[in-house]
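Subject: Structure handover: ligand site and pockets

Hello,

Here is the structure for you to look over.

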Amino acid sequence: MKIIRDTQRNCARMAAEEYRKLLNENPHCVLGLATGSTPEMLYEELVALCKAGKLSFKDVTTYNLDEYVGLDGSHPQSYRYFMDSHLFNLVDIDKTRTHVPCGIGVTDEMAAHYDDEIKQAGGVDLQLLGIGHDGHIGFNEPHDAFDLGTHCVDLAQETIEANKRFFDGNEDLVPKQAYTMGIKTIMQARKVLMVANGKGKADIVKKAFFGPVTPEVPASILQMHPDFILVGDEEALSEI
Ligand code: GLP
């Protein structure tokens, strides 16, 4: 595990540099992408690099971590909408090569097919992650089994509360389930990059990376990943 500590902006720049290198070395790479407020600054940096001609998404394939059950891509709080507005619509990517789990009309079997698609595309070269306050990655909540692929989850109350800020502060509007890549899917990525910002993440960052590896703290499994980088600001890393 490699840990990088700097200001939020510098963390976003360093993370963007990882992408610049990867996309220049391997223009056909497969990216695992994430949503939430944490990656927003990184996406800004990627858009700026693309506009400056320093990287191109032209031949890149992407797979997002997760999507709320019941929201289609035109819903402003869907993760498809987030990705389109923060990255895909702003860079030279071929949108037909961008994948976000579908939130509507999906059976468990169809959800599991997401893992087959990723495999057929060659597997994820670089998986981006944030971390939830309860240690979730993607939407793999505490106690979810480590050996699951893409599946449907019930969101933890803590996650519903944390995410209600995106739904006019109204908990009732937050979907209660989501489709998420499983921990198994995430761990199969060749490299994993987690960004963590702010005081609110300090306790969970300590538990996840300096405590036992346990399904109670889903992110703790990343201690076992052979190529994992944690990039965080002073506040998020203040307890380690
Ligand atoms: C959501 C997403 C996660 C994200 C987490 C933290 O629940 N499914 O992928 O890491 O929230 O979000 P934020 O970055 O806004 O703190």
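The notes below take the ligand, then the pockets.

This is a predicted model, so to speak of local features takes pLDDT of at least 70 and side-chain atom pairs count only at pLDDT 80 or more, while totals for chains, interfaces and linings use all residues. Residues are numbered from 1 along each chain as its sequence is written, and side-chain values use heavy atoms, with hydrogens and water left out.

**Ligand**

There are 13 residues around the ligand. Near means that a heavy atom of the residue lies within 4 Å of the molecule. Ser37, Thr38, Asp66, Arg165 and Lys201 come nearest. By class, the shell holds three nonpolar, seven polar and three charged residues. Here Ala, Val, Leu, Ile, Met, Phe, Trp, Tyr, Cys and Pro are nonpolar, Asp, Glu, Lys and Arg are charged, and the others, Gly among them, are polar.

- Thr38: a polar side-chain atom at 2.4 Å.
- His136: a side-chain N or O atom at 2.9 Å.
- Ile131: a polar backbone atom at 3.4 Å.

Taken alone, the ligand exposes 390 Å², and the protein buries 96% of that. Areas come from the Shrake-Rupley method with a 1.4 Å probe.

**Largest pocket**

The ligand takes up the space of the largest pocket. The test for sitting there is that more than half of a molecule's atoms lie within 2 Å of the grid points. A pocket is an open set of points on a 1 Å grid over the protein atoms alone, where a 1.4 Å probe fits, with protein on both sides within 12 Å along at least five of seven lines; lining residues have an atom within 4 Å of a point.

The volume is about 650 Å³, counted as the space filled by probe spheres set on the points. Of 39 lining residues, Thr35, Gly36, Ser37, Thr38 and Arg165 are closest to the centre. The lining divides into 16 nonpolar, 17 polar and six charged residues. H2 (40–51), E4 (66–68), H3 (79–86) and H5 (157–163) each supply at least two. H3 gives the largest share, five residues. Helices (H or I, at least four residues) and strands (E, at least two) are DSSP runs, numbered from the N terminus.

**Second largest pocket**

This one has about 150 Å³ of space. Its lining includes Pro101, Cys102, Met110, His113 and Tyr179. Helix H4 (108–120) gives the most, with five residues. Seven lining residues are nonpolar, two polar and one charged.

Best wishes

Methods. Polar contact = N/O pair within 3.5 Å; in protein donor to acceptor, adjacent residues only side chain to side chain.
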